[in-house]
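Subject: Structure for you to look at

Hello,

Here is the structure we talked about.

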Amino acid sequence: MAEALPESSAGAKRPSRFAPVVLTGLASAAVTAVASSKSWFEAAIDLKQLPGVRELDTRADMPLALALSLVVLAAWGVVLVSRTTGRRIVLALAGLAGAGIVACVITAPLTLPDQVREQLGSDGVGITVSPTGWYVVAAVAATIGLACVVVGWVLAPRWPTMSSRYDAPTGGTAAGSRTAPQDDTDLWKALDAGVDPTDPAATEVRRAP
């Protein structure tokens, strides 16, 4: 007969996977941004340009994918310094951007080849337009990136946060720091702390033995 697991084991803290998810998300977003800045489709054509003939553009890219990948990359930077609630909001926005990149990858074969042919004009009739290696890289990186965003949104409540010492000082701390200088050396420190040395109350305290 199997014994029941102890409550301490059942309630053991599960791993947060903070570092692997964030690092993979940052890396995939960066790779997606680089790949999206390149041409995704190119015509299989080798024309020798003649003098006086305009140069033919045989490539097409996806600027929208580049913009969305930069949004995802910035979102991971915000995740590093935000709290649990803020992280889930930012990751939700990153998920929308990541889904947009995947949509760009899906629709690219339907739109970019025609764009290349239109750029070639009458010369583009019957010319084969194929995806480049950057398109494949962008497709793989975007898929991994979207998966990391989804996993991050689920695990965000278990992720560690920055120490409170990095927070802005509270009103009580600020008020306590506005003490009058005790000697001439502390005068400059008081100025940095925001104490007015011309204040009579501060001067009396500073001159007190």
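The notes below go from the whole chain to its helix pairs and then to a few residues.

Please keep in mind that this is a predicted model.

The whole chain

The chain has 209 residues, and 30% of them are buried. Its secondary structure consists of eight helices and three strands. Read from the N terminus, the order of these elements is α-α-β-β-α-α-β-α-α-α-α.

Two helix pairs

Start with H2 and H3. Helix H3 covers residues 63–81, and its axis lies 8 Å from that of H2. The angle between H2 and H3 is about 155°. Angles over 145 degrees count as roughly antiparallel, and H2 and H3 are therefore roughly antiparallel to each other. Where H2 passes H3, the crossing is left-handed.

The other pair is H4 and H5. Helix H4 is made of residues 84–120, and it packs against H5 with the two axes 9 Å apart. Here the angle is about 155°, which makes H4 roughly antiparallel to H5. The crossing of H4 and H5 is left-handed.

Which residues make the nonpolar surface patch? They are Val31, Val34, Trp134 and Val137, and the patch has an area of about 300 Å². Two helices, H2 (18–36) and H5 (133–155), each supply at least two residues of this patch. When you look for the patch, then, these are the helices to turn towards you.

Tryptophan 134 is one of the patch residues and lies in helix H5. Is tryptophan 134 partly exposed or buried? Its relative accessibility is 37%, so tryptophan 134 counts as partly exposed. The cut-offs behind this are under 20% for buried and over 50% for exposed, with partly exposed in between.

Leucine 96

Leucine 96 is in helix H4. With a relative accessibility of 62%, leucine 96 counts as exposed, because the cut-off for that class is over 50%. Leucine 96 can also be compared in position with leucine 146: the two are 50 residues apart in sequence. In space, the distance between leucine 96 and leucine 146 is 8.9 Å from C-alpha to C-alpha.

Regards

How values were computed: Residues numbered from 1 in each chain as written. Predicted model: local features only at pLDDT ≥ 70, side-chain atom pairs only at ≥ 80, totals over all residues. Heavy atoms only, no water. Patch = residues over 30% accessible without salt bridge, like charges linked within 9 Å, V, L, I, M, F, W, Y side chains within 5 Å. Areas by Shrake-Rupley, 256 points an atom, 1.4 Å probe, with all protein chains shown as cover. Salt bridge = Lys/Arg side-chain N within 4 Å of Asp/Glu carboxyl O. Helix = DSSP H or I, 4+ residues; strand = E, 2+ residues; numbered from the N terminus. Buried < 20%, exposed > 50% of the residue type's maximum accessible area, 1.4 Å probe, protein only. Axes fitted to C-alpha atoms, helices over the stretch in contact; angles between N-to-C directions. Parallel < 35°, antiparallel > 145°, perpendicular 65-115°, else oblique. Left-handed = near helix turned anticlockwise from the far one by under 90°.
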